[in-house]
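Me: I would like a close look at one part of this model, and at how the rest of the chain is arranged around it. Please give the cut-off behind each term as you go.

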Amino acid sequence: MATQLPVISSLPSDAGTEMLQEAGSEHIWLHGASRRALLEQTDKRILVEGKGCIVKDIDGNEFIDALAGLWLVNIGHGRREIGEAMAAQASTLAYASSAQATTVPAIRLATLLSEITPGDLSTVFFCSGGSEAVESAVKIARQYHYFRGEPKRQKVIGRRGSYHGATYGAMSVSGTRQMNEPYHSPFMPGTMHVSPPYCYRCDYRHTYPACDVYCADAVGQMIEYEGPQTVAAVIAEPVSASQGIVVPPPEYLPRLRDICDRHGVLLIADEVINGFGRTGKMFASEHWELVGDIMTLAKGLSSGYAPIAAAVCRPHVVEPFAGDNKLSHLLTFGGHAVACAAALTNIAIMQDEGIVDNAAAMGTYMREQLEQLRSHPTVGDVRGIGLLLGVELVKDKTSKEKFPMESEEVKTLNELFIENGLLTRATHIISLSPPLCINRGEVDRIVDILDRSLTAFESKYGYH
Ligand SMILES: Cc1ncc(COP(=O)(O)O)c(C=O)c1O
């Protein structure tokens, strides 16, 4: 064990839970939260250790982590090998300028990504998180068209309900206007949104397959209406987690690919959540033989052991960036050597331990077990792919009336999960995305807690 130097601070090294909570609440602004959330909200806690799918808080309470942190601890918590790889790299060379040099782990990781990502995706722009990957992809797409002599191609089409990040451009292409409009509009000019392939609640009131996947054709119609000469890119997650684990019908993504090709528009496949085994294949695109022109990666790339992300491009995308045609985009931490070492070891563990196959097998098992929850009066739908699963909540199965996101009822359900030792998040959907190393016993434990929590919730609010 390396010796740790004492930090000179007013917070003593032996501070207890209460003192830490008070200091955390005073000095840490949790993301997406009010200023004192750590003290005021029951689901905000101080976690101290984890192993596989299990995490413990500072008071010794144990939880099963059904969201893999925030959809990312794919290989599970507590893998010493990654810590060791990071320590070895940090003590050799932690950093080299992202603009003037690179490092051996960055080259190794970029090469590996070019080999495991679909099709001819092969040039990697590294950054630190999913939002940055999306910002980078959008800027690359715009400059691609500029250098090809089409500078008017600036617009980006996203989908309602999709989430692509919190920075300004990523927020603007996200389909989350209602959350951000009061504070952050006007959004990035030229961002617009189409309806998603959300068959359970189709905006067009259509039913698959009779609909002939009109929602994909609607993207083509929007491009034609705006003028293809003004559209740079379409961005889509193959499976959208934020919309409520929306798995598109089989024809949707191939048709989206054709539409983009027909109009010279780049397709950005956002695999920030989908990538690295989450859907039972290394990348969700593989389920539909999709090759995006640019693929955004983050989260599972390092399983959360280090902040690292990437925008991976096909050869025709990078081709116009020749000679003086430079990418006008630079991030200090892009390709950080220690983060690359973490990602390399993470992927090595995935390959060595058959993590993706386990995700496929456990995903099938978990989906079967979740089906039993349909007998609950508030469960409207169960869906998903691999270990990206969701249970959609409704007040009434016929009308499909939703529970308002910030309602007292949804808050109570989330509190029941915590009380019963489950970490996940319920909005209009209970999101389930555990570490991919999960076993059958742990799946059973999650489903049992869901079942008990839903029963208590329904009895409290009188749903029969
Ligand atoms: C599909 C998708 N893209 C981008 C992002 C943004 O990633 P980050 O939070 O790392 O910036 C997220 C975050 O959840 C996401 O789900």
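Reply: Just after helix H15, glycine 462 takes a positive phi of about 75°. The model is predicted, so local features need pLDDT of at least 70 and side-chain atom pairs count only at pLDDT 80 or more, while totals for chains, interfaces and linings use all residues. Residues are numbered from 1 along each chain as its sequence is written.

H15 runs over residues 440-461 (helices are DSSP runs of H or I with at least four residues, strands are runs of E with at least two, both numbered from the N terminus). The buried residues of H15 are Glu442, Val443, Ile446, Val447, Ile449, Leu450, Ser453, Leu454 and Phe457. Because these buried residues fall within an arc of 160° when seen down the axis, they line one face of H15 (the arc is that of the directions from the helix axis to the C-beta atoms). Arg440, Gly441, Thr455 and Ser459, on the other side of H15, are exposed (buried requires 20 or more other C-beta atoms within 10 Å of the residue's own, exposed 12 or fewer, and partly exposed lies in between, with C-beta atoms placed from the backbone).

The cover over the buried residues of H15 includes strand S3 (62-65), helix H13 (355-371), strand S12 (388-393), helix H14 (408-419), strand S13 (422-423) and strand S15 (429-432) (contact requires C-beta atoms, placed from the backbone, within 7 Å). Two of these, S3 and S13, belong to an open sheet of four strands in the order S1-S2-S3-S13, with mixed pairing (strands pair if DSSP finds at least two bridges between them). The edge strands are strand S1 (47-51) and S13, each of which pairs on one side only. Strand S2 (residues 54-57) pairs with S3 in the antiparallel sense over three bridges, and lysine 56 stands opposite glutamate 62 in S3.

On the scale of the whole chain, domain 1 comprises 18-78 + 355-461 and domain 2 comprises 81-352 (the bounds come from an automatic or database domain assignment). The C-alpha centres of domain 1 and domain 2 lie 26 Å apart, and their contact takes 27 residues from domain 1 and 22 residues from domain 2. On the side of domain 1 that touches domain 2, two or more residues come from each of helix H3 (68-71), H13, strand S11 (379-385), S12 and S15, and H13 gives the most, with five residues. By class, that side of domain 1 has 14 nonpolar, nine polar and four charged residues (Ala, Val, Leu, Ile, Met, Phe, Trp, Tyr, Cys and Pro count as nonpolar, Asp, Glu, Lys and Arg as charged, and the others, Gly among them, as polar).

Another positive phi brings us back to backbone geometry. Phenylalanine 276 has a positive phi of about 60° although it is not a glycine, and this residue is found in the loop between strand S8 (266-270) and strand S9 (294-297). Phenylalanine 276 counts as buried because it has 29 C-beta neighbours inside 10 Å.

Methods
The expected span of a helix is 1.5 Å times one less than its number of residues. Two residues are in contact if their C-beta atoms, placed from the backbone, lie within 7 Å.
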